[in-house]
Amino acid sequence: MAIFLSKLQIKLVIFISLILLSNNNVNGRRYHITDSFDYTAISCRAHTASVTDFGAVGDGETVNTAAFKAAIDNLSQLATDGGSQLFVPPGRWLTGSFNLTSHFTLYLHQDAVLLASQDVDEWPLIDPLPSYGRGRDAAGGRYTSLIFGTNLTDVVITGGNGTIDGQGDLWWDKFHKGQLQYTRPYLIELMYSDNIQISNLTLLNSPSWNVHPVYCNNVVVQSITILAPVNSPNTDGINPDSCTNTKIEDCYIVSGDDCVAVKSGWDQYGIAFGMPTKQLVIRRLTCISPTSAVIALGSEMSGGIEDVRAEDILAINSESGVRIKTAVGRGGYVKDIYVKGMTMKTMKWAFWMTGNYGSHPDDKYDPNAYPVIQNINYRDMVGENVTMAARLEGIVGDPFTGICISNVTLGLAPKTKKVPWTCTDVEGVTSDVVPQPCNLLPQSSKKCDFPLESLAIDNIEIQTCSHTIKYLQK
Ligand SMILES: *[C@@H]1O[C@H](CO)[C@@H](O)[C@H](O)[C@H]1NC(C)=O
Ligand SMILES: *[C@@H]1O[C@H](CO)[C@@H](O)[C@H](O)[C@H]1NC(C)=O
Ligand SMILES: *[C@@H]1O[C@H](CO)[C@@H](O)[C@H](O)[C@H]1NC(C)=O
Ligand SMILES: *[C@@H]1O[C@H](CO)[C@@H](O)[C@H](O)[C@H]1NC(C)=O
Ligand SMILES: *[C@@H]1O[C@H](CO)[C@@H](O)[C@H](O)[C@H]1NC(C)=O
Ligand SMILES: *[C@@H]1O[C@H](CO)[C@@H](O)[C@H](O)[C@H]1NC(C)=O
Ligand SMILES: *[C@@H]1O[C@H](CO)[C@@H](O)[C@H](O)[C@H]1NC(C)=O
């Protein structure tokens, strides 16, 4: 007689077998599970432990901040012995902010959810970023990001699409009511670090920005899904900030602010710190951002932004495509920007450049610090249901120069302005662009540039890491 088992029955059989096979069966309630998984990463690790080895409980209620700290403190001893990996099993793991270590991987099982604590005391304060001079929400310190690291090397945060839920409503509410004493935390922030990989995760409801590498070198962000309500405040997706050699690939972002916001410090603080974001690649990004940009350059760009290459971008229902935001007082530059292959569906502005973005850290900014915006290249794009083709506003006496737009066809929305382009204080050329551009961007036969040689970040070595872990489960 054939026996057909339902999925539930199969699960029960496995469950019971696990209990019977367990060699460490405490009161019949805790049993060992064996899990195998593999993934690709910049480095594999010699040692793996589960956060449950350090007392963590994945019931969604127990606070696990101390368990994460104990686990990572313990594993940090293995940095020079092949490195270590912390495995987070299926469950809902409530935690406050914790710090990472070097030569370390945080791996979230596909059914693991890190739940950010709603207790403000679980978020210690750290100093404002030197390149900003102050916090963005409030003048003083900042709440440490949920997952934080500084002065590290060789760090991987990954999983089989496991979830990090920032439970941001508490913070959004405080922001809207003007009750924030300090700047809101981010979900992931790494400072002064190199060789970083953040991949195969889902990030939900961040209190503010989602992924913030700052003063970093060699950063890969890959296959990340970022979701936040489109009306949530400042829930930017990925913000490379004063970083060199960064790659953002295959990400899907729906958020209340810019999907990718490239930055490098604010006014006199950013000028003094002087660290640009450069050699940045963005590929295969899908973005929905009804109130913001798909890719924003600035507005904090006082350390400079250069050599940014974006290709194969899909923008849906977003306010603008690539947007340059700056102001007098910023200083710095945005130059050598290349965008190729972008499909836009329902946009307010396909192209937007803003020279009077305002918002200064304090009144000590230098009124003579003019930003330099030059060599901006956009090509091979199509748009449909676009309200305005372009709004390009440079700075009086400081025009944005070397703008090139070629092979771009924008279908306008039924309700659209009579003049689809508005341009002031900009210089450049266009070719094969529909609808017809403004007079400041006359026609030429030039196909806009896109560099052929690859950047160093595209040549980093990737390994396949295979692991089997046995851990205790309740
Ligand atoms: C932490 O590391 C030490 C080795 O330094 C090890 O003996 C100990 O068992 C570890 N603690 C836990 C809870 O795994
Ligand atoms: C995390 O790192 C920061 C910066 O080094 C430090 O101020 C803080 O005390 C660390 N937190 C913990 C819990 O170790
Ligand atoms: C981290 O690196 C920066 C820049 O090199 C340095 O100024 C800072 O003191 C370092 N911080 C720590 C905690 O080592
Ligand atoms: C990570 O995501 C990529 C692209 O979606 C996929 O090919 C790969 O299998 C994923 N890896 C893991 C470990 O889930
Ligand atoms: C990861 O999970 C998110 C949220 O459930 C889902 O939208 C996305 O498609 C998943 N990605 C992959 C590669 O499975
Ligand atoms: C123009 O752009 C489209 C994508 O929008 C691309 O498929 C096509 O090859 C481009 N044409 C030329 C001549 O480069
Ligand atoms: C076109 O854009 C408008 C907003 O400007 C939106 O309401 C409408 O649904 C869009 N139409 C299509 C066909 O996507």
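Between which two strands does the loop that holds proline 435 lie? Proline 435 sits in the loop that runs between strand 27 (426-434) and strand 28 (463-473). The model described here is predicted.

## Overall fold

The protein chain contains 4 helices and 28 strands. Its radius of gyration is 24 Å, close to the 23 Å that the globule rule gives for 474 residues, so the chain is as compact as a globular protein of that length. Along the principal axes, the C-alpha atoms fill a box of roughly 80 × 60 × 45 Å.

Of the 474 residues in the protein chain, 56% are buried. The accessible surface comes to about 19,100 Å², and carbon and sulfur atoms account for 50% of that surface. Among contacts between residues at least 6 apart in sequence, 79% join residues at least 24 apart.

## Cis peptide bonds

The bond between valine 434 and proline 435 is a cis peptide bond, with omega at about 0°. A cis peptide bond also joins glycine 298 and serine 299, where omega is about 5°. Serine 299 belongs to the loop between strand 21 (293-297) and strand 22 (305-325).

## Positive phi angles

Aspartate 267 has a phi near 45°, a positive value in a residue other than glycine. This aspartate is part of helix 4 (residues 267-273). With a relative accessible area of 0%, aspartate 267 is buried, because buried means under 20%.

Aspartate 336 is another non-glycine residue with a positive phi, near 55°. Aspartate 336 is found in strand 23 (residues 333-354). Its relative accessible area is 23%, and aspartate 336 is therefore partly exposed, the class between 20% and 50%.

Proline 213 is in strand 16 (residues 211-214) and is buried, at a relative accessible area of 4%. Leaving aside neighbours within four places in sequence, proline 213 contacts Leu190, Val219, Asn239, Pro240, Asp241 and Cys243. Proline 213 and cysteine 243 are 30 residues apart along the chain, and their C-alpha atoms are separated by 7.1 Å.

Histidine 109 lies in the loop between strand 7 (104-108) and strand 8 (112-116). Histidine 109 is buried too, with a relative accessible area of 14%. A polar atom of its side chain lies 2.9 Å from the backbone nitrogen of aspartate 111. Not counting residues up to four places away in sequence, histidine 109 touches Asp35, Phe87, Val88, Pro89, Pro90 and Gly162.

## Ligand 1

Asp53, Phe54, Asn74 and Gln77 are the residues around ligand 1. This shell divides into 1 nonpolar, 2 polar and 1 charged residue. An N or O atom in the side chain of asparagine 74 is 2.5 Å from an oxygen atom of ligand 1. Glutamine 77 has a polar side-chain atom 2.7 Å from an oxygen atom of ligand 1. On its own, ligand 1 has 360 Å² of accessible area, of which the protein covers 36%.

## Ligand 2

The residues around ligand 2 are Lys69, Asn99, Phe148 and Thr150. They comprise 1 nonpolar, 2 polar and 1 charged residue. The side chain of asparagine 99 places an N or O atom 2.4 Å from an oxygen atom of ligand 2. The protein covers 43% of the 360 Å² of accessible area that ligand 2 has on its own.

Note on methods
Residues are numbered from 1 along each chain as its sequence is written. Chains are lettered from A and ligands numbered from 1 in the order in which they are written. This is a predicted model: local features need pLDDT of at least 70, side-chain atom pairs count only at pLDDT 80 or more; totals for chains, interfaces and linings use all residues. Side-chain values use heavy atoms; hydrogens and water are left out. A residue is near a molecule or strand if one of its heavy atoms lies within 4 Å of it. A polar contact is a pair of N or O atoms within 3.5 Å; within protein, one must be able to donate a hydrogen and the other to accept it, and residues adjacent in sequence count only if both atoms are side-chain atoms. Accessible areas come from the Shrake-Rupley method with a 1.4 Å probe; for residues, only the protein chains shown count as cover. Ala, Val, Leu, Ile, Met, Phe, Trp, Tyr, Cys and Pro count as nonpolar, Asp, Glu, Lys and Arg as charged, and the others, Gly among them, as polar. The radius of gyration is taken over C-alpha atoms; the globule rule is 2.2 Å times the number of residues to the power 0.38. Buried means under 20% relative accessible area, exposed over 50%, partly exposed in between (1.4 Å probe, protein chains only). Contact means heavy atoms within 4.5 Å.
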